[in-house]
Amino acid sequence: MQNKRIVFVGVGGQGNLLITRLLGEASLAKGIPALVSEIHGMAQRGGIVESAVVMGNVSSPIVAEGEADILVGFEPMETLRAIGKVRKDGLVLTNTAPLPPFTVSIGQGSYPDLELILNLLRSKVDRMFTLNAKGLAETAGSLQSLNMVLLGGLIGLDHLDIGPGEMKETISSNTKKSFLEANLKAFDLGWEEVNHEVQSAGPEPVS
Amino acid sequence: MHKLMTDTPGKKLFILGNEAIARGALEAGVSFVTCYPGTPSSEIPLQFYQLTRETDIYFEYSVNEKVALEVGAGAAATGLRTLVTMKHVGVNVAADPLMTLAYVGVKGGMVIVTADDPSLFSSQNEQDNRYYARLSGLPMLEPTTIQELKDLTAQAFDLSETMGLPVFVRTTTRLNHMRGSVDLGPLKPVAGKMRFEKDPFSKVTVPAVSRRLHQVLLSRQELALQAAETGNINQILGSGELGIVANGIAFNYVRDAINDLDLGERTSLLKLAFSHPLPRDLCLKFLQQVEQVLVVEELEPIVEQELKALAQENGLGLSIRGKGVGGLSRLFEYNPALVRQAVAEGFGLEYHAPEKIDSSDIPDLPQRPPNLCPGCPHRATYHEVKQVYGQDAVYPTDIGCYTLGLLPPISMADFLICMGSSVSSACGFAQAAEQKVVAFIGDSTFFHSGLTGLVNAVHNRHNFTLVILDNGTTAMTGHQPHPGVDGQPLDWNRRRVSIEQAVRGLGVDDVHLIKPFAVRKSIETIRATYEHQGVSVIISQEVCPLFARATRTQKPKKPYFVDHDRCRNHRDCVRQLACPAIYLDEEQVRIDEAMCVGCALCAQICPERAIRPVKTSSEAETPDA
């Protein structure tokens, strides 16, 4: 397969380190070399947490500005802030449920209109996919499985050589029993919504 | 069983860089591990902390890096294989024993991990600790891949014993926190107690001994040089005319750049993974096989300068460049695109970076800095101290989660340079500045390097208040224990050292304990220190809520909600506390029940008493202890 660079951006506590690790594990299980880069430490206290997965014949674990094939955003404004990470012909998958930073509450700036954010995002890349990951996680039975909704959506893009069954195997072997049902359901909900959109849009234009 | 104890050579594990380092030490039969935690090194000792019940390896969280190195020195002098880990600035703290331990040397292999942090992801500076190898004369390995993190750590123990010297393994954040697949080797058994062989005239560094030991160090460096020249740790890859030298994580960026620019045939790549002492013969061979050289090293131009000197000594006139080519800077970390651009520019190659997304029409977005957690007791303590000392007082601060008190609306951090500097710099401010002085330090940081500053303050009769934020754990780096913690919930059977007794024992007379979530009472207690002449200490005791949740040491409390029949939108809660659980929705204050941990700080400062616990909304009480 071609080399793939995927960048995940979210807010501390949303669980993006877990899904980057799971994606890396699934990739290796499939025989595709993978490296993951994580941010630990101060940023995890409610700040922005960025992580990356690179798959294929790549030595560098991090992804430079403008070089991600896929950007997965856990929070719409943070997706917009990180939009420079993705290639012009890349893909964006974003959660649409806002999580305003505390700076907004204390009057330092205002949270932009959600439609404005989504329209700006759409204008920047060839293809964008949205998920109400918070809503779908609630439907799945646990707000904490928001990350699994997005992982489902990412696999649903049909852009990586990892199928939903393979991904779910990795999730199953790495998740505590009590969370597993909600996690798999959340994954499915994300996968179905995105994959439906991908299928109905027809084949991807050759780049 | 801990995954790092998997004894199946050849098996692959998908692990974090820091886990790979720990595994390397296990494969070398490490028997003694000390550290002080600090990003990006913290997950190395974490593995041994988790392993304490599974192995006979002695492990401790030492009070600071100097102590960690000295404790390790005793073990290595006896003959045990010893690992000592710290972040880059920790080596500053350990620099005193380091410099002379290099003279004395070791019997059991000793590996010192220095985890540097280019771009300052979680540090106060981005110093380049490769200089410490030069300053101390000790050998330094710089792994470049996840596999080398394991393999070179293991090899470093052998090298250390061969040379009789501690060996540095230097990493940077991106290596520590990368995750990849590692091929396992066999585990080695752990050694137990052995007899210490006395040899005072080689180990007691009086001047006469040290004069000789300095010579011994230089001769041991010769052994190290041979190892750097002849082993397979350093490598020349390729035989093209374009020379590139790289170390650490940057080696990967160079490899990708060579691929991306299709330069495979034209380049010679020198990987310096055993970077000190510089393998002069190998470097000379490299310089002679290429026509020009680009050095790709993050931070300081150390190898660049050493190669230039080597070329000059050998009458070589080829161009050797590094800093200043493309974006190669002494500032911050590199990345694949920056290195690709620099390689192209350095060698005059045609290269057009891919067009990037134009983000000029994206409006200014509100910032999202890290913040104290919901229910963090530091927020309460800061609020209470501010009620007494106001915005005008000078607030020296220290290193930990509470450094976030820098940000509005708390804005109570005025000076910070290193661990422990809150207490000592407060002595200076108290003498030099006209304002009142209140210093903040965390519990773990107090044991790390606050004690000596406090003795200084008492003895010299300095006049300030020290607030010790005792949340029962080393929170920022991942909840490690420290001497002041209750080890019971952690099953960590070490003796607890009371902060209060320590403070009183150091001669502080004016000592106060507060429970910061009892707001009114805490403010009264803090007020008592305002006119006190001399050193006052306030110990603010409340467990970190993340730690309490992880160890289940506190019953979960009911979350709070805003009763909109009572709320008159003063928004004191929002403006003064900036708790992540409190937010505005259509101009109304609300509390996110999922985030609220029920600390009741906001409930106590609400002038309308409109914030009340969920489910008991029919009762009209406000909890104010």
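This is a predicted model: local features need pLDDT of at least 70, side-chain atom pairs count only at pLDDT 80 or more; totals for chains, interfaces and linings use all residues.
Residues are numbered from 1 along each chain as its sequence is written, chains are lettered from A in the order in which they are written, and side-chain values use heavy atoms, with hydrogens and water left out.

1. Strand β5(B) spans residues 110-116. Helices (H or I, at least four residues) and strands (E, at least two) are DSSP runs, numbered from the N terminus. β5(B) pairs in the parallel sense with β7(B), residues 167-172, over six bridges; strands pair if DSSP finds at least two bridges between them. β4(B), residues 82-87, also pairs with β5(B) in the parallel sense over six bridges, and there V84(B) stands opposite I112(B).

2. Seven of the seven residues of β5(B) are buried (under 20% relative accessible area, with exposed over 50% and partly exposed in between; 1.4 Å probe, protein chains only). In a regular strand the side chains alternate between the two faces of the sheet. Here M110(B), I112(B), T114(B) and D116(B) are on one side, V111(B), V113(B) and A115(B) on the other, and both faces are covered.

3. V30(B) lies in the loop between α1 (17-27) and β2 (32-35) of chain B. V30(B) is buried, with a relative accessible area of 1%. Among the residues that V30(B) touches, leaving out those up to four places away in sequence, are F48(B), I57(B), L83(B), F157(B) and V190(B); contact means heavy atoms within 4.5 Å. V30(B) and G109(B) are 79 residues apart in sequence, and their C-alpha atoms are 8.6 Å apart.

4. In chain B, the axes of α3(B) (65-78) and α5(B) (95-104) come within 8 Å and cross at roughly 25°. Axes are lines fitted to C-alpha atoms, for helices over the stretch in contact, and angles run from 0 to 180 degrees between N-to-C directions. The two helices α3(B) and α5(B) are therefore roughly parallel (under 35 degrees; over 145 is roughly antiparallel, 65 to 115 roughly perpendicular, the rest oblique). K66(B), L69(B), E70(B) and A73(B) of α3(B) meet P97(B), L98(B) and L101(B) of α5(B).

5. In chain A, α5(A) (133-140) and α6(A) (146-156) pack at about 110°, with axes 8 Å apart. That makes α5(A) roughly perpendicular to α6(A). A133(A), K134(A), L136(A) and A137(A) of α5(A) contact L146(A), V149(A) and L150(A) of α6(A).
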